[in-house]
Amino acid sequence: MINDNLREQVNKNEPPAMPELRKGSKGEVVMKAQRILKTTSDYIGYVDGDFGWIMEAAVQSFQRRSKVRVTGIIDNDTWNALNQIRR
């Protein structure tokens, strides 16, 4: 069953929104964010898919430099800034 938000995005031919990531998040999407933050030298940890305190500090550092609200959480605004990084 498709939830209403996803159905709206599919109907508009828009890419699905990236999930919000925060301390405790795990998985492939966290690894994607870790790889991007490694290219900016904000993240110094292992690309392991575990959003721990080092990742949280890296996100805050990136947010400060990108003039995004500093929360340590990867939300839509932070994803948009991350997606501007040339890899």
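Select M55, A58, V59, F62 and Q63 in helix α3: these residues are buried. Buried means under 20% relative accessible area, exposed means over 50%, and partly exposed lies in between (1.4 Å probe, protein chains only). The five cover an arc of only 135° around the axis, which puts them on the same side of α3. That arc is taken from the directions that run from the helix axis to the C-beta atoms.

**Before you go on**

The model is predicted: local features need pLDDT of at least 70, side-chain atom pairs count only at pLDDT 80 or more, and totals for chains, interfaces and linings use all residues. Residues are numbered from 1 along each chain as its sequence is written, and side-chain values use heavy atoms, with hydrogens and water left out.

Color by pLDDT, the predictor's confidence in each residue, from 0 to 100. The chain has a mean of 88, and 80% of its residues reach 70 or more.

**The whole chain**

Zoom out. The chain has 4 helices and 0 strands. Its pattern along the sequence is α-α-α-α. Helices (H or I, at least four residues) and strands (E, at least two) are DSSP runs, numbered from the N terminus. Of the 87 residues, 32% count as buried.

**Along α3**

Select residues 53–66. This is α3, with 14 residues; at 1.5 Å a residue it should span 20 Å, and its end C-alpha atoms are 20 Å apart, which agrees. The expected span is 1.5 Å times one less than the number of residues.

Turn to the face away from the buried side. The exposed residues W53 and R64 sit there.

**The nonpolar core**

Next, show L21, L37, F51, M55, I74 and L82. These have the most contacts inside the largest nonpolar core, which has 16 residues. Helices α2, α3 and α4 each supply at least two residues of this core. A nonpolar core is a set of buried Ala, Val, Leu, Ile, Met, Phe, Trp, Tyr and Cys residues joined through side-chain atoms within 4.5 Å. In soluble globular proteins, nonpolar side chains tend to be buried together.

Center on L37. What does L37 contact, leaving aside its neighbours within four places in sequence? The residues are D42, Y43, M55, A58, V59, F62 and L82. Contact means heavy atoms within 4.5 Å.

**Q63, a buried stop on α3**

Select Q63, which lies in helix α3. Q63 counts as buried, at 0% relative accessibility. A polar atom of the Q63 side chain lies 2.9 Å from the backbone nitrogen of G72. Beyond four places in sequence, Q63 is in contact with V68, R69, V70, T71, G72, I73 and T78. Draw a C-alpha to C-alpha distance from Q63 to I73: 9.3 Å in space, for 10 residues in sequence.

Go to T39, in helix α2. T39 is partly exposed, with a relative accessible area of 46%. Its side chain reaches the backbone oxygen of I36 at 2.5 Å. T39 and R86 are 47 residues apart in sequence, yet 8.6 Å apart from C-alpha to C-alpha.

Step on to D42, in the loop between α2 and α3. Is D42 buried or exposed? D42 is buried, with a relative accessible area of 12%. The side chains of D42 and T40 are joined by a polar contact of 2.5 Å. A polar contact is a pair of N or O atoms within 3.5 Å; within protein, one must be able to donate a hydrogen and the other to accept it, and residues adjacent in sequence count only if both atoms are side-chain atoms. Not counting residues up to four places away in sequence, D42 touches L37, A58, S61, F62 and R65.

**Two positive phi values**

Most residues other than glycine have a negative phi. Look at S41, in the loop between α2 and α3. Phi of S41 is positive, near 65°. S41 is exposed, with a relative accessible area of 60%.

K67 belongs to the loop between α3 and α4. K67 is not a glycine, although its phi is positive, about 60°. K67 is exposed, at 75% relative accessible area.
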